[in-house]
Amino acid sequence: MAENRTTGFPNVDATVLGADEIILNMGPQHPSTHGVLRVKLRLDGERITGSECIIGYLHRGVEKIAEHRSYQQFAPYVDRMDYVAAVSNGLGYCEAIEKLLAVEAPPRARVVRTILTELQRIASHLVWLGTHALDIGALTPLFYCFREREEILKIYEKYCGARLTTHAFRIGGLQYETYDGFEQEVKRFCDDFDRRIDEYEALLTTNRIWLERTKGIGILTAEEAIDFGATGPILRASGVKWDIRKALPYAAYDQYDFEIPTGKTGDTYDRYLVRVEEMRQSRRICLQAIENIPTGPIMAKVGKVLKPAPGEVYHSIEAPKGELGYYVVSDGTIQPYRVRVRPPSFINLCAFDKMVRGHLVADVVAIIGTLDIVLGEVDR
Amino acid sequence: MADEPSEKQPEKQPDKPAETKPSAAPASEAAPARPAPPAAAAKPAAPPPKKEDPFKPVALDNDLVKRLKECFGDAVCEAWLDRKQAIVVVAAEKLAEIARHCRDEEKFNLLTDLTAVDWPKREKRFDIILNLYSFAKNERLRLKAHAAGGEKVPSVTEVWSTANWLERECYDMFGIVFDGHPDLRRILLPEEWQGHPLRKDYDILQQDTAWVKENLGIESGQ
């Protein structure tokens, strides 16, 4: 091979490849990149010596669109960012605008929101678990996970008519009352689900291949995780016990008991354990919440035309992927002056290069999976 | 239960702004007049009546701001609370220094977000926004710096690694140049793209027609 081949990495110190080094392109059309993520890998044999993520293939200019829609009109758009956790996106947006308007959703709405959002966390983690295991070579969990996820999607469909991009919440509360038998269906799902998680764990937790492929892979220490702005399960797996549901409670989370699982080493296996435990905790929250859903109105008194007083607000929630924040600036008109979305997937992906260096090509697949990114949210 | 939604839908939650006048909380001018009715109606879970104007920014002069002013003097320009959230405006040229101080001395160790807002009519059109969080204090702090178009803003990539991508996005969307950034390139848009879409003077239908034509082979990207 000719010398002086350039690396194609303007940001990597050496711009010239070593004699044994090659550049490998992964994606954007690759089943293991979970969407249109493109990764350029610099390899020394099978080992990764550098990497670069190329993103933006799914950029739709969501933040620009927001500036040209009214506050209510923009609400359905947020569902299209993290489309496997649309309910969480909607909750964050609605609560941010409520904060901007200084209104509060009624207690009944807050509890129903909590239930639906926790179900969404389970559904999102199930997609993650199924695809992550599939990427690593375990085919069975995918079918199990999607079977249970289907139950959750059915609940959504009955509640608001949509399965994925639900637009379940409105600014000020809820549009729809819960349907007859809602509590029973959530309860039936939760009662059943504990046993289901045991099934996934039986397949993976002590599986030797799974351990070999995940232990010690993509380690992120607590300091590194904070430095890279990682939040959610990734931060917790690195040993930082921080969850916005506890630290800065929103919706109705202050009323329920649940634990924040944390890991020790911050490797792929710890992130797996943390997310599995989070599903159990979400189930606990749902069970507590359906015991006692307050009665009363489901909408706060908000106008038909929303004109928040000039000012700005930042509100964030613990989405399945991490901290999902909305920074909204109002200039007193019916359209937001600026909506900034703090996307957990985008910021968690920043640590990718740090995590893959020194690992093998096959581990890249495990690391992309463990980051649990959704490209709709990375690119917005 | 089944009847309730149909009763409530049309009147309470339109998806499009109707021609009705804004009521209750949203309009600030209406706010002082409104508080009484919701309280009198005694709806079980109506929003708490607002006694004072919740939207009025309150000047902030707590210990944190005092300490910052002691260290940086005039570089800490203003501080206020907007909807109970702390905002501190600092001089753009000292941004990185103050950010580092906030991380090391004030324990705001997580850079939650970095973004910008464009106010084209202002002399310094950009607001650079740094959203910080402190695990130790469980508090948020928003640092804000004003920058004119073309003005270089010190990069905080040395302070937080996550700023690398966030500043790239800011550059991509607003054209703000961060001084000291190791790799300031576009991140979401193609590298050859012309223009910065989140600027207010960039129309929502505008695009880099030449790029679209050359790379996608179509007349319009819409």
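Trainee: Leaving aside its neighbours within four places in sequence, which residues is A:Ile48 in contact with?

Mentor: On the chain A side, A:Ile48 touches A:Leu41, A:Arg42 and A:Leu43, and also A:Val356, A:Arg357, A:Gly358, A:His359, A:Val361 and A:Val364. Contact here means that the C-beta atoms of two residues, placed from the backbone, lie within 7 Å. This is a predicted model, in which local features need pLDDT of at least 70 and side-chain atom pairs count only at pLDDT 80 or more, while totals for chains, interfaces and linings use all residues. Residues are numbered from 1 along each chain as its sequence is written, and chains are lettered from A and ligands numbered from 1 in the order in which they are written.

Trainee: What makes A:Ile48 count as buried?

Mentor: A residue is buried if 20 or more other C-beta atoms lie within 10 Å of its own, exposed if 12 or fewer, and partly exposed in between, with C-beta atoms placed from the backbone. A:Ile48 has 23 other C-beta atoms within 10 Å, so A:Ile48 is buried. A:Ile48 belongs to strand β3 of chain A, and its C-alpha atom is 6.8 Å from that of A:Val361, 313 residues apart along the chain.

Trainee: Why are β1 and β3 of chain A said to stand at the edges of their sheet?

Mentor: The open sheet has 3 strands in the order β1-β2-β3 (chain A), with antiparallel pairing. β1 (21–26) and β3 (47–54) each have a single partner strand, so one side of each has no neighbour in the sheet. On average, neighbouring strands of this sheet are turned by 20 degrees against each other, direction ignored. Strands (E, at least two residues) and helices (H or I, at least four) are DSSP runs, numbered from the N terminus.

Trainee: Why are α4(A) and α14(A) called roughly antiparallel?

Mentor: Axes are lines fitted to C-alpha atoms, for helices over the stretch in contact, and angles run from 0 to 180 degrees between N-to-C directions. Angles under 35 degrees count as roughly parallel, over 145 as roughly antiparallel, 65 to 115 as roughly perpendicular and the rest as oblique. Helix α4 (residues 107–136) of chain A and α14(A) pack at about 175 degrees, with axes 9 Å apart. The pair is therefore roughly antiparallel. A:Thr131, A:His132, A:Asp135 and A:Ile136 of α4(A) meet A:Val365, A:Ala366, A:Gly369 and A:Thr370 of α14(A).

Trainee: What makes A:Asp372 count as buried and B:Lys107 as partly exposed?

Mentor: A:Asp372 has 27 C-beta neighbours inside 10 Å, so A:Asp372 is buried. B:Lys107 has 15 C-beta neighbours inside 10 Å, and therefore counts as partly exposed. A:Asp372 lies in the loop between α14 and α15 (375–379) of chain A, and B:Lys107 in the loop between α4 (95–104) and β4 (110–118) of chain B. Neither is a glycine, yet phi is positive: about 55 degrees for A:Asp372 and about 65 degrees for B:Lys107. Most residues other than glycine have a negative phi.

Trainee: Why is strand β5 of chain B described as largely enclosed?

Mentor: In β5 (residues 126–134) of chain B, 8 of the 9 residues are buried, so the rest of the structure largely encloses this strand. β5(B) pairs in the antiparallel sense with β4(B) over 8 bridges and with β6 (residues 139–147) of chain B over 9 bridges. B:Val117 has B:Asp127 in β5(B) as its bridge partner. β5(B) and β6(B) form a hairpin with 4 residues between them.

Trainee: Over which residues of chain B is the pLDDT below 50?

Mentor: pLDDT is the predictor's confidence in each residue, from 0 to 100. The mean for chain B is 76, and 75% of its residues reach 70 or more. Over residues 1–44 of chain B the pLDDT is below 50, although this stretch has 62 contacts in the model beyond near neighbours in sequence. Where pLDDT is low, the predicted coordinates should not be read in detail.

Terms used
Two strands pair if DSSP finds at least two bridges between them.
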